[in-house]
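Biologist: I have a structure open and would like to learn how to read it. Can we go through it feature by feature?

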Amino acid sequence: MTGSASRPPLRTSFVAPAALTPERRAAMFALLSVWFEGYGEDYFNEELEDLDHCVLQEDAATGELVGFATVYRQAMEIDGTAVGAFHTAHCILERRFWGSNELVRSMVAEMVARARADRSGRLWYWSYSAVGYRSYRYMPMLFVRHTPHPDQPPDDLDRAFRDHIGRKCFAQYYDADTGTVDWQWQGYGLTKEARAISEAKLDSPAVAQFRRVNPRWADSVEVLCLARLQDDNLTAFGRRWFPVSPRPSGERVAPKAPGEGVALLPNGPTRAGGCAFAERSDTRNPLTLTLSPEGRGDFKTPPPQASTLE
């Protein structure tokens, strides 16, 4: 539980999608809508069904939702190497809590713990698409080697894995030369509040680095980010955040009734990789990735999966 003199203590919990109530889902969508416009609520609810888990942050006293993250998990082979990905679709935090990193820390700590617990030899990654500098900054903050990097091109495996995600899951919207996704349509994108960056922030080295790897961020162009979840890939800061220890702190919501959520395990069943397209005649919204219960990636319409690690 975290808090400060100016902010109330927060409670972090790891929740299976089936344990999310309609009221909680509505609160999650309301938070998302502060930063992204054109994202359909019906689709958002469909998307939640296929998650591995959610990370929720709530006011410990009132139970008010102030932040959440949604995480998919999938496994595949890339050029004969077994790899797996924990993919963050959304990571949203109310602006008044931006001084706290506990949501991201808890989310990635869970990924690191599961990667450490896997004895199969599979190489695990954290991946997400970043449309803002607050999203991207966790790459250089936590990982020695990461993609994209303004001065270091990805190695063959990282590039192949990035391009696999890009081509299979974003099709013609993905540009392999830049590692970016451009949805090229009107109606979806960052809200005005999300696009606002002060002149002081533009002078920040972190922002300057992000603008080098994604110069079209203000057009809602997303850049694919990934890093290996290996101890030798953690920065000094990352090692402080993720010491070799038991599972990260945070309540794990156990089943309350048959079919109402599951306990999360360090090395539970893993979703298979791959993406298939199922385009409908409704063209008001573009295609976007979701993972089916059988583990197959399907694209559905409405809006693209956006990711902001505010």
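**Reading the model**

Modeller: Buried means under 20% relative accessible area, exposed means over 50%, and partly exposed lies in between, with a 1.4 Å probe and protein chains only. This is a predicted model, where local features need pLDDT of at least 70, side-chain atom pairs count only at pLDDT 80 or more, and totals for chains, interfaces and linings use all residues. Residues are numbered from 1 along each chain as its sequence is written, and side-chain values use heavy atoms, leaving out hydrogens and water.

Biologist: How many helices and strands does the protein have?

Modeller: Helices are DSSP runs of H or I with at least four residues, strands are runs of E with at least two, and both are numbered from the N terminus. The protein has 10 helices and 14 strands.

Biologist: At what angle do the axes of α1 and α2 cross?

Modeller: Axes are lines fitted to C-alpha atoms, for helices over the stretch in contact, and angles run from 0 to 180 degrees between N-to-C directions. Helix α1 (residues 22-35) and helix α2 (residues 41-48) have axes that come within 10 Å and cross at roughly 120°. That makes α1 oblique to α2. Under 35 degrees counts as roughly parallel, over 145 as roughly antiparallel, 65 to 115 as roughly perpendicular, and the rest as oblique.

Biologist: Which residues make the contact?

Modeller: Contact means heavy atoms within 4.5 Å. From α1 come R25, A26, M28, F29 and L32; from α2 come E41, F44, N45 and L48.

Biologist: What about disulfides?

Modeller: A disulfide is a covalent bond between the sulfur atoms of two cysteines. The search looks for a pair of cysteine sulfur atoms within 2.5 Å. Across the whole structure it finds zero disulfides.

Biologist: Is C54 buried or exposed?

Modeller: C54 is buried, at a relative accessible area of 0%. C225 also counts as buried, at 1% relative accessibility.

Biologist: What is the phi of D79?

Modeller: D79 is not a glycine, yet its phi is positive, about 50°. D79 lies in the loop between β4 (65-78) and β5 (81-93). With a relative accessible area of 70%, D79 is exposed.
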